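Subject: Structure handover and notes

Dear colleague,

I am passing on the structure we spoke about, together with my notes on it. Please read them with the coordinates open beside you.

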Amino acid sequence: MAVNRIPVLKRCRSLGLDPIYLGIDKKSNRQLKRSNRKVSEYGLQLREKQKAKFIYGVLEKPFHNYYEKADRMKGMTGENLMRILESRLDNVVFRLGLARTRKEARQIVDHKHVLVNGRQVNIPSYLVKAGDVIEIKEKCKGSQRYKDIVEVTGGRLVPEWLEADMENLRGTVKELPSRDAIDVPVNEMLIVELYSK
């Protein structure tokens, strides 16, 4: 399996991203030293794509497949792409506050701690649907790890398209998110322009 080993803060700096979108509270004190080179149109489009891939932890091939799927759907391709990325199971676990970071959310799903509608799912890229109930497995709920997670994420704001029940470590997908409900600093139109060349 391909693993991105670039330090997170370094990658955030190069993409001009705030680490908070990944669930990381640290800030880098270093400034990015770039000469006053003008970035080309292609460079801007590529950076937006890299940002989206980095935030959601998706590699190039699956990301391209999501784009093609979004292109076949009705409506705006860019909005569909963001909706697909946002409805990935690892992202939903992170948004519900059942994990501190997106990487931890992916690990929790990988380690078979998550049930979707009562069935165990260990695929981080599983796409949730409206009405799905996501919860942590009963035998894992009492562990210290989840007590620590709830302590850290207790004050985090849950998006309005999700409903979280932190007492029972479960959440419901009320509806699939609209683009306005997705607070990720990505200009998806540039990604669409990049792929439609």
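In which helix is I191 found? The residue belongs to helix 9, which spans residues 188-195. Please keep in mind throughout that this is a predicted model. I191 has a relative accessibility of 0%, and because the cut-off for a buried residue is under 20%, I191 counts as buried. If neighbours within four places in sequence are left aside, the residues in contact with I191 are E48, K49, A52, F63, L81 and V186. As for I6, its C-alpha lies 22 Å from that of I191, and the two residues are 185 apart in sequence.

On confidence, the protein chain has an average pLDDT of 86, and 93% of the residues score at least 70. Within the chain, the lowest confidence falls in helix 1, with a mean of 79, whereas the highest is that of helix 3 (residues 60-72), at 93.

Helix 1 covers residues 8-15, and its buried residues are V8, R11, C12 and L15. Why do they lie on the same side of helix 1? They do so because the arc they cover around the axis is only 100 degrees. Helix 2 (41-56) and helix 6 (102-110) are among the elements that cover these buried residues. Just after helix 1 comes G16, which takes a positive phi of about 70 degrees.

The strands form an open sheet of five, in the order 2-1-3-5-4, with antiparallel pairing. Strand 2 (119-120) and strand 4 are at the edges, and each has a single partner strand, so one side of each is left without a neighbour in the sheet.

Going through the sheet in that order, strand 1 and strand 2 run antiparallel and are joined by two bridges, with V116 having R119 as its bridge partner in strand 2. Strand 1 (residues 114-116) is also joined to strand 3 by three bridges, again in an antiparallel arrangement, and here the bridge partner of V116 is I134.

The hairpin of strand 4 and strand 5 has four residues between the strands, and in it L169 takes a positive phi near 50 degrees.

Which residues make up the covered face of strand 5, and which the uncovered one? G171 and V173 are on the covered face, whereas R170 and T172 are on the uncovered face. In a regular strand, side chains alternate between the two faces of the sheet.

Finally, helix 5 (residues 89-96) lies across strand 1, strand 3, strand 4 and strand 5, and runs at about 60 degrees to strand 4.

With best regards

How values were computed. Residues are numbered from 1 along each chain as its sequence is written. This is a predicted model: local features need pLDDT of at least 70, side-chain atom pairs count only at pLDDT 80 or more; totals for chains, interfaces and linings use all residues. Side-chain values use heavy atoms; hydrogens and water are left out. Buried means under 20% relative accessible area, exposed over 50%, partly exposed in between (1.4 Å probe, protein chains only). Contact means heavy atoms within 4.5 Å. The arc is that of the directions from the helix axis to the C-beta atoms. Two strands pair if DSSP finds at least two bridges between them. pLDDT is the predictor's confidence in each residue, from 0 to 100. Axes are lines fitted to C-alpha atoms, for helices over the stretch in contact, and angles run from 0 to 180 degrees between N-to-C directions.
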